[in-house]
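This briefing covers a nonpolar core, a pocket and some backbone details of one structure. The notes that follow are grouped by topic.

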Amino acid sequence: MAAKFKKRAIANKSEAVKKARAHGWKVTEELPGGGYRELQKVGPGGTPIYKESFNEVVVKGNRTNFLSRDFSDHFGVDGTGMTIGIWDGGKALPDHQEFDDRFSVGDNARRVSGHATHVLGTAIAAGVDPQAKGVAFNANGQSFDWNQDEGEAAEAAANGLLISNHSYGLSGRNLPDWYFGSYVNQAQDWDEIMHAAPYYLMVTAAGNSQHLEYNDEPLTGTAADGYDLLLGFALSKNGLTVAAADQLEVNANGELLSADIAYFSNFGPADDGRIKPDITGAGVNVYSAYDEGEDSYKTLSGTSMASPGVAASLLLLQQYYHIAFGDYMKAATLKGLVLHTADEAGDFPGPDARFGWGIINSKRAAETIDAVGVNTRIDENQLGNGEEFAMNVTAREGETFSVSLSWTDPAYSGKMHGRVNDSTRVLMNDLDVRVIKGDEVFYPWRLSLSDIRGGAKKGDNRVDPFEKIEIENASGEYKIVVSHKGELVNISQDFSLIVTGVAESGCSTVVPSNTIVEEVLINEAVVSWDLEKDAYYEVRYKKSSDDNWLSKMVDENRISLSSLEENTEYMLEVRTVCSALMGSEYAKAVVFTTKPSENNTDDPVDNPGDTPVDNPVDNPGDTPGDDPVSDPVDNPFEVPIDGPADNPGEVAPEVPEIGDAPNPDEPLGEVVREEDPSEVGWGDDDDYYGVINDPEAVPEEDIIIIKSNESQTISLSGNTNGLGAYFMTDAVGRVIAEGQDASNPISIASLSSGMYILVYEVGTERAFKKFIK
């Protein structure tokens, strides 16, 4: 595909240049405000087709810093290890101080472009000038010119590129009116690329000609109204087209207060009624790097400025998802997540032809990833010909229950040219989502071509590869059904579901209250706090004089600490954890001091207040009144069945039924790893270790785990004599790492966020420790 598109682009350009010489057309042209346009090919009817950068100079406020600050501080992602592709009217300035060694030129582009430099800076600038700091300020960037963009993007997508930005498009100055809103071959080509590379998403600017009255025959109103101005790949079904917002006000918590559409930002919709543009981002008065020197900057406005900010935000969401789950989202999932979590904007509820689905809210999108398994679902599935997908969910009482369906549709197989406002549907696989409760059926949003200005309606959407249903003040059980009309192209269709406002778990990330030190002995302490439904807890503690915290996981609202130093002051903090990613802040620390040995003994005869159950020698790790089978602190062999993200509180019903345990007589170094973890089920595979069922393996309570966030390691500390080989399992028991010496620091840098179990040899026995990354 890449070779085909490159060869065609070269031939088209050669023919267009010959025509330009004959007709006196300009091949390239510098535009006011730093813009640029270049002849690409000759279109139907002999029309010269130009690509043009989308920008205008307007002095207004900058929003890029807010986006980068919000992500880097709150979510801890900055683009490290990620790459964004930038296609533009030339390459970015290679020597600009904002890019250092994170920038490379992806093709043989010769022209250095201020526009491309500004766009790349908006995405990845390091912040040498703090006002110009990019959204993904530690990401890598590849800069290409636009002359063979389709072939180059296909090649990059084949090599794993996830996100590309295109702050340019067809120039509308000399195009006939039928081009506007039409699914021309350029949109078709990009849909073909994205369908062939299902993890790759193209982000493009909507264009800046709203006020220029280019289209004399729009779908609605007159040329002065600004509707029906989108061109070329901005009308692809699978790409994400970005409009620009002005007067964008966001409070300190990231909540949208107000927003207008920028006066230059192009309106949709597509001629077949598809919702375009898709999303809106900040695009007025953006301060970023420029090409007039390695330390030059400029303030620009345009959808060109909004698009890279959105593209870089999507890159961060991919990074965040990868940290959480060890994989990337398909492009349809990422696009669906962004549209699902957008802030409402415009005059009416639902999507419209100016803002699309609203203002991008990357913070809410990341929080939706956080809450998977608690109150959200993000599922990737496949529908076959004639099949129906259905599932039942329970809505969280009184909240808005929302369901979105997203898919990457095959490119339309026909040709669209010559007819003004041709409403032929270009959707190839028409999937449908419905939500059912009793006799009531809830439908998704859709635009009405007969009332474009009147806002979206609810009904059967037959044109968009994204559908969203919203039910306010939901309660009770609902059925979600995904089906399709007609025959599916290619026999099947992948799809993604994003669901929010569901009661996957009753857990709520509230800070634990009433943390109480119940008892303090010489080497022990018992601490409790108020119970939260379906939660488990991370407890960290340390000597007050130490810098490093020690961490333990429990699923009850009480912990017994042992192996403490006598007559020593300790600090302890606890937080609620609902999933591997969703946790509260720590509660206010409690402080206690262990007793000196001369005032207390471990002999219950000498100290009548002491009982054997409280004695760590008699019953290590047990707390008064606890059932040793159901307490993971007392019985560290148990792990949650579904893992912390799915059902944090649930444990295996009967230990003997859960898989085959490793033979305690075998060396740990000979543990066999599961070849295909996706095929693993509980109790059905000899290589799967859900629970270690070894009654002789008593945990060494004198050993504790120390986590180092700086070096990304865990270490066993305390009575470490006799430590030998080890292996680690994830929360559902798959062996993910192993080694021969547990006395050395163990790297956890490659692990995704979540709960893990470290299994290690102590002499001839085995012991177990849980930890969270």
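This is a predicted model: local features need pLDDT of at least 70, side-chain atom pairs count only at pLDDT 80 or more; totals for chains, interfaces and linings use all residues.

Helices (H or I, at least four residues) and strands (E, at least two) are taken here as DSSP runs, numbered from the N terminus.

**Positive phi outside glycine**
- Asn567, a residue other than glycine, has a positive phi near 50° and is placed in the loop between strand E29 (558-561) and strand E30 (569-577); with a relative accessible area of 52%, Asn567 is exposed.
- Gln247, which is not a glycine either, has a positive phi of about 50°, but the place of Gln247 is in strand E10 (residues 240-250), and its relative accessibility of 43% makes it partly exposed.

**Cis peptide bonds**
- Gly268 and Pro269 are joined by a cis peptide bond with omega of about 0°, and Pro269 lies in the loop between strand E11 (256-261) and strand E12 (279-282).
- The bond from Lys276 to Pro277 is also cis, with omega near -5°, and Pro277 is placed in the loop between E11 and E12.

**Largest nonpolar core**
- This core has 80 residues, of which Ile163, Tyr200, Ile279 and Leu314 touch the most other members, and helix H6 (residues 303-325) gives the most to it, with 12 residues.
- Not counting residues up to four places away in sequence, Leu314 touches several residues, among them Ile163, Leu201, Leu240 and Ile360.

**Second largest pocket**
- The second largest pocket holds about 530 Å³ of space, and of its 29 lining residues Arg8, Lys41, Asn185, Gln186 and Asp189 lie nearest its centre.
- Its lining divides into 11 nonpolar, 10 polar and eight charged residues.

Technical notes
Residues are numbered from 1 along each chain as its sequence is written. Side-chain values use heavy atoms; hydrogens and water are left out. A nonpolar core is a set of buried Ala, Val, Leu, Ile, Met, Phe, Trp, Tyr and Cys residues joined through side-chain atoms within 4.5 Å. Buried means under 20% relative accessible area, exposed over 50%, partly exposed in between (1.4 Å probe, protein chains only). Contact means heavy atoms within 4.5 Å. On a 1 Å grid over the protein atoms alone, a cavity is a set of points where a 1.4 Å probe fits but cannot get out, and a pocket is an open set with protein on both sides within 12 Å along at least five of seven lines; lining residues have an atom within 4 Å of a point. Grid points are joined across faces, edges and corners, and a volume is the space filled by probe spheres set on the points. Ala, Val, Leu, Ile, Met, Phe, Trp, Tyr, Cys and Pro count as nonpolar, Asp, Glu, Lys and Arg as charged, and the others, Gly among them, as polar.
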